[in-house]
Amino acid sequence: MRPVLAAAALAATFALGGAASAATIVLDGSKEIRLTLNDVSNVVLSFSIDASAASYTNSGGYIKWSTREDGRQDADGPWGTCLECGYSGGDWALSYDPYSRSNTLSSDLELDFGKTLESVYVWIRPTYGTGTVSYDDGSQGAPDIEAVPLPAGGLLLISALGAAALLRQRARKAA
């Protein structure tokens, strides 16, 4: 029964994690991150890798942004979600070689929207390696980071709690 309760607690952490805010995000080269920024005119993204590793380290990827939640450019029609169809925000490529003096350990990207926008959706798409990104959007409130869609996280939490209750009931009947 304890593993199921641990799974329920883990599911609750991820389900509620979508509403949390943080200034630094770990990039692992396989999961894209979406930031929802409100009332901003620009955002500065700072990418970095850890040079304290004793071996080769690298990180890279690119940025797309949109004022539409479906990820498309303003003039596009309602053709469904397309995270690759937004405006280009640039890319980054960082590397660390313990035997080289020409390492690139950090890089900054500034997205200037030209005017203050009510909502901006920024997709950070790492394509290889591990590293971190920190950001400053210049607004007073913290942006939302969507790691797990809230409805899916809620369903996962309810399923885990239901499984825990079922196992507990079976344990009582067996005793």
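By class, how many nonpolar, polar and charged residues does the lining of the largest cavity have? The structure is a predicted model, in which local features need pLDDT of at least 70 and side-chain atom pairs count only at pLDDT 80 or more, while totals for chains, interfaces and linings use all residues. Residues are numbered from 1 along each chain as its sequence is written, and side-chain values use heavy atoms, with hydrogens and water left out.

A cavity is a set of points on a 1 Å grid over the protein atoms alone where a 1.4 Å probe fits but cannot get out. One cavity of 30 Å³ or more was counted. The largest cavity holds about 40 Å³, a volume being the space filled by probe spheres set on the points. Its lining residues (an atom within 4 Å of a point) are Glu32, Tyr62, Ile63, Lys64, Leu83, Glu84, Trp123 and Arg125. Two or more of these come from each of β3 (57–66) and β5 (106–129), strands being DSSP runs of E of at least two residues, numbered from the N terminus. β3 gives the largest share, three residues. The lining has four nonpolar, no polar and four charged residues; Ala, Val, Leu, Ile, Met, Phe, Trp, Tyr, Cys and Pro count as nonpolar, Asp, Glu, Lys and Arg as charged, and the others as polar.

Arg72 is placed in the loop between β3 and β4 (87–96). Arg72 counts as buried because its relative accessibility is 11%, the cut-off being under 20% with a 1.4 Å probe and protein chains only. A polar atom of the Arg72 side chain lies 2.7 Å from the backbone oxygen of Gly80. Beyond its neighbours within four places in sequence, Arg72 is in contact (heavy atoms within 4.5 Å) with Ser66, Gly77, Trp79, Gly80, Cys82, Cys85 and Gly86.

Conventions:
1 Å grid on protein atoms, 1.4 Å probe; cavity = no way out; pocket = protein on both sides within 12 Å on 5 of 7 lines; lining within 4 Å. Helix = DSSP H or I, 4+ residues; strand = E, 2+ residues; numbered from the N terminus. Buried < 20%, exposed > 50% of the residue type's maximum accessible area, 1.4 Å probe, protein only. Polar contact = N/O pair within 3.5 Å; in protein donor to acceptor, adjacent residues only side chain to side chain.
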